[in-house]
Amino acid sequence: MSIGAYTVGTALLVLAALGVDEPSLSRAGLLAVSGGLIMAAPTALTGLLDWLALPAGSSVRRVATYHLVVMVSATVVFALAWLLQRPGYHAGDVRAGGWIAALVAEGLLTAGGYLGGTIVFVHGHRVLGESHAAPERALRPDAEPTLTRASHE
């Protein structure tokens, strides 16, 4: 949820900076970034729990550590963007520092997303790799695997 809120907030702030309905979009952008910041703590907690479960010293743990640092950095820069844009909320304008910091944070978010993708798609973390699994198995990964016709082929 944080990623979507941050991205929408950044897009709205940039559009406001370009002069598109500046009063409304600058306020909406700050509200969206606020939503991302509110959801950052539970998002980070689940990520931390995943990180702690990875084997210490492993390649996947190293990549996950980079991911953690980049994502926390992105959140800090989004908080800075929020602080810089906050005075513009009541004034109905977008502040240069706010949208620029949001763009920098969005760049960090993109880099963090790439690193997170490698954890899943390269290292296979939290991926079952059961292409012929029954829908029940896909919806409940903790359920016992069931044999399907395709698994016998």
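Glutamine 85 is buried, with a relative accessible area of 0%, and this residue belongs to helix H3. The model described here is predicted.

**Glutamine 85 and the kink in H3**
- Glutamine 85 counts as buried because its relative accessible area, 0%, falls under 20%.
- H3 has a kink of about 40 degrees at glutamine 85, and this position comes shortly before proline 87.
- With neighbours within four places in sequence left aside, the contacts of glutamine 85 are Leu13, Ser26, Leu30, Asp93, Val94, Arg95 and Gly98.

**Length and ending of H3**
- Glycine 92 follows H3 and has a positive phi, near 75 degrees.

**Buried face of H3**
- The buried residues of H3 are Val60, Arg61, Val63, Ala64, Val70, Met71, Ala74, Val77, Phe78, Ala81, Gln85 and Gly88.
- Three helices receive the packing of these buried residues: H1 (2-17), H2 (22-53) and H4 (96-121).

**Nonpolar surface patch**
- Leu45, Leu48, Leu49, Leu52, Leu68, Val69, Val72 and Val76 together make a nonpolar surface patch of about 690 Å².
- H2 and H3 are the elements that give two or more residues to the nonpolar patch.

**Valine 72**
- Valine 72, one of the residues of the nonpolar patch, is located in helix H3.
- The relative accessibility of valine 72 is 45%, so this residue counts as partly exposed, a class that lies between the 20% limit for buried and the 50% limit for exposed.
- Between valine 72 and glycine 112 the separation is 40 residues in sequence, while their C-alpha atoms are 9.2 Å apart in space.

**Salt bridge**
- One salt bridge is present in the structure.
- Its partners are aspartate 93 and arginine 95, whose closest N and O atoms are 2.9 Å apart.
- Aspartate 93 has a relative accessible area of 25% and is therefore partly exposed.
- Arginine 95 is likewise partly exposed, at 29% relative accessibility.
- Asp93 and Arg95 are also among the residues in contact with glutamine 85.

**The chain as a whole**
- Starting from the N terminus, the order of elements is α-α-α-α-α-α.
- The chain has 153 residues, of which 32% count as buried.
- Among contacts in the chain with a separation of 6 or more, 68% are between residues 24 or more positions apart.
- The accessible surface of the chain is about 9,200 Å², and carbon and sulfur atoms account for 69% of this area.

Key:
Residues are numbered from 1 along each chain as its sequence is written. This is a predicted model: local features need pLDDT of at least 70, side-chain atom pairs count only at pLDDT 80 or more; totals for chains, interfaces and linings use all residues. Side-chain values use heavy atoms; hydrogens and water are left out. The bend at a residue is the angle between axes fitted to the seven residues ending there and the seven starting there. Helices (H or I, at least four residues) and strands (E, at least two) are DSSP runs, numbered from the N terminus. Buried means under 20% relative accessible area, exposed over 50%, partly exposed in between (1.4 Å probe, protein chains only). Contact means heavy atoms within 4.5 Å. Patches are made of residues with over 30% relative accessible area and no salt bridge: like charges are joined within 9 Å, nonpolar side chains (Val, Leu, Ile, Met, Phe, Trp, Tyr) within 5 Å. Accessible areas come from the Shrake-Rupley method with a 1.4 Å probe; for residues, only the protein chains shown count as cover. A salt bridge is a side-chain nitrogen of Lys or Arg within 4 Å of a carboxyl oxygen of Asp or Glu.
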